[in-house]
Every structure is written in structure tokens, then in C-alpha cells.
Amino acid sequence: MDLSVVIVNYQTFDLTRNTINSILKYEYPFSYEIIVVDNASEDNSLIGNLKDYFKDSVKFISSKENNGFAAGNNQGLRIAGGKYLLLLNSDTVVWENTLEKIYNFMENNPFVGACGCRVLLADGTLDKACKRSFPNVKNSFYRLFHIPTNSKEDNYNLDNLPDDGIYEIDCLTGAFIFARKKCLDSVGLLDETFFMYGEDIDLCYRIKQDNWKIFYFGEAKITHFKGASSKKQKSKLIYEFYRAMYIYYKKHHANSTSFFVNFIVYLGIVCLCILKLILNFFKKKN
């Protein structure tokens with residue numbers, strides 16, 4: 001098997017079906033499989049509907065409980081047989097030639113551990129998460145307070161680099177990570193401590209630490225209908241977003257940073273989380 005595509009589904013039958021169809025509609029010069037992990041969807045029929053719709057063209061795993069996006073992907077990755085592994089969100093549409101272009105790029109560049117593509121939002125604008133620097137105290141401060149910077153080191157979203165280019169970056173979005181199995185065998189699967197956010201940044205960090213390259217391939221595209229599987233759990237997602245910040249910082253930065261800076265960072269994360277939850281509460285009331 002050349003490529004295994006892993007898709008985690010959570011109560012998004014129509015979107016997941018469209019994602020799978022956007023892959024199946026094209027012919028490829030390589031063998032592939034599609035693995036769908038249902039993360040304990042609560043509508044009682046979704047995984048059955050998908051099974052009926054795709055019959056033998058897709059492999060299905062039905063999880064008894066929702067342990068998060070990272071855990072769901074890992075279930076699929078553990079049975080994947082491809083030499084390349086694609087983590088693909090269930091709310092995406094793959095454009096023509098995208099998989100073939102990146103497959104060929106990976107074949108010709110064996111030092112690349114993972115590759116991403118240009119990710120467009122529903123309105124056609126760039127999802128800036130598809131090409132990023134690793135977050136740190138300084139660039140996170142600039143981003144949080146919308147402070148412009150001309151420093152490449154502090155440019156979190158890499159706005160200075162062309163959207164249609166091909167170049168090395170730090171971090172991809174979990175909506176589309178085309179990884180070499182040999183690389184994941186070395187660095188490990190997604191960290192299941194992360195429930196929904198941060199697992200992509202953590203994985204990319206470990207890939208770079210293991211001396212693999214990560215590339216952005218802007219000539220290939222997908223469309224991402226961002227947040228479609230998570231709209232109904234706003235408060236929990238706010239909490240998980242800031243919890244992911246805490247986990248990532250503690251795991252990769254706290255040991256090399258002073259106690260005072262760590263205290264300020266942790267306090268900031270807690271305060272921002274509480275503020276966002278309060279604002280969300282009043283937004284719901286209105």
C-alpha cells in the first residue's frame with residue numbers, strides 16, 4: 001500500500017461523505033486506502049450511513065467513546081498499511097492532483113518527514129494555520145495583541161512567504177498532514193494528552209527534533225470548512241484550546257525557561273481561558 005488516508009468523523013455525515021468522495025472521484029498512479037474512525041458520534045446512525053454509502057471502498061473503525069481528535073487518528077494510524085500516511089479532516093475537500101503532487105514530492109525528497117498543502121477556507125481565503133512557525137512566548141505575545149512585526153523569527157503565520165510556494169516550515173495544520181510512515185515510526189503517533197487542539201503542533205515539533213524536514217507545498221490545495229464538527233460544544237472547545245496551550249508549553253518549553261516566565265505564561269493562559277468562557281457565556285445569553 002502506498003498511501004493510507006485517515007479521517008476522523010464526529011457527527012458530520014454529509015461533510016465526511018463529501019471528503020471521501022473528493023478523493024474517490026480521481027484516479028491515482030499509486031495504491032491507497034481510506035480509513036474512517038467514527039469518534040462515538042451520538043446520532044446513532046452516522047457510522048451505519050457511511051458504511052452503507054461506501055460499502056467496500058472504505059475501512060471503518062467505530063470507537064465506543066470520544067477520546068479526542070488525536071486518539072481517533074491514532075486508531076486509524078495503527079491499522080494503516082501505507083508507506084505514507086495522510087491525516088485529513090472530515091470537513092475538507094481535496095482538489096484534483098493534490099494527492100498526486102504531494103506523493104511525487106515526497107518520493108523525490110526522502111529527507112522530508114511531513115508535507116502540507118495550501119488550505120483554503122470556504123470563502124477562498126488562506127487558512128493561515130497551514131504554514132506556521134512554532135509558537136513561543138514572543139511570537140504568541142505579538143499575535144495575541146495584534147502587534148505587527150517585520151521580524152521573520154516572530155512571524156508566526158509566515159505572511160512574508162508566498163501562498164503558492166514550496167519551502168520548509170515549522171508547522172502544518174492537522175487538517176492535512178501527509179507524513180512518511182518511517183518518520184512516524186521514529187517519532188511516535190499523536191500525543192493523546194491533547195484532546196482536539198495542539199496535537200498537530202506537537203507532532204511537527206517532534207518531527208523537527210528528530211531531524212526530519214517539514215515542507216509546505218503551495219501548488220496543491222484543499223478546501224477546509226473549518227470548525228464544522230465542533231460548533232455545538234463551544235465552551236468545551238474553548239477550554240480544550242487553552243488546555244492545549246498549557247500542555248504544549250509545559251512539554252516543550254517550561255524546563256528551559258525561568259520560573260517567573262513560566263508563572264506569567266501559565267497565568268496568562270488561565271486568564272485568557274476564563275475571559276473567553278465568560279464572553280462566550282454572555283454571547284449565548286444574547
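Me: Which residues are linked in a network of salt bridges?
Reply: The model is predicted; local features need pLDDT of at least 70, side-chain atom pairs count only at pLDDT 80 or more, and totals for chains, interfaces and linings use all residues. Residues are numbered from 1 along each chain as its sequence is written, and side-chain values use heavy atoms, without hydrogens and water. A salt bridge here is a side-chain nitrogen of Lys or Arg within 4 Å of a carboxyl oxygen of Asp or Glu. The network links Glu168, Asp170, Lys208 and Lys213.

Me: How many salt bridges does this rule count?
Reply: Side chains of opposite charge can pair when their charged atoms come close. By the rule, the count is 17.

Me: Is Glu240, the partner of Arg243, buried or exposed?
Reply: Glu240 and Arg243 form a salt bridge, with closest N and O atoms 3.0 Å apart. Both sit in helix H8 (residues 234-252), three residues apart, about one helical turn; helices (H or I, at least four residues) and strands (E, at least two) are DSSP runs, numbered from the N terminus. Buried means under 20% relative accessible area, exposed over 50%, partly exposed in between (1.4 Å probe, protein chains only). At 5%, Glu240 is buried.

Me: How many residues apart are Asp159 and Lys128?
Reply: Their side chains meet in a salt bridge, 3.8 Å from N to O. Asp159 lies in the loop between helix H5 (137-144) and strand S7 (166-168), and Lys128 in the loop between strand S6 (112-121) and H5. The pair links distant parts of the chain, and the separation is 31 residues.
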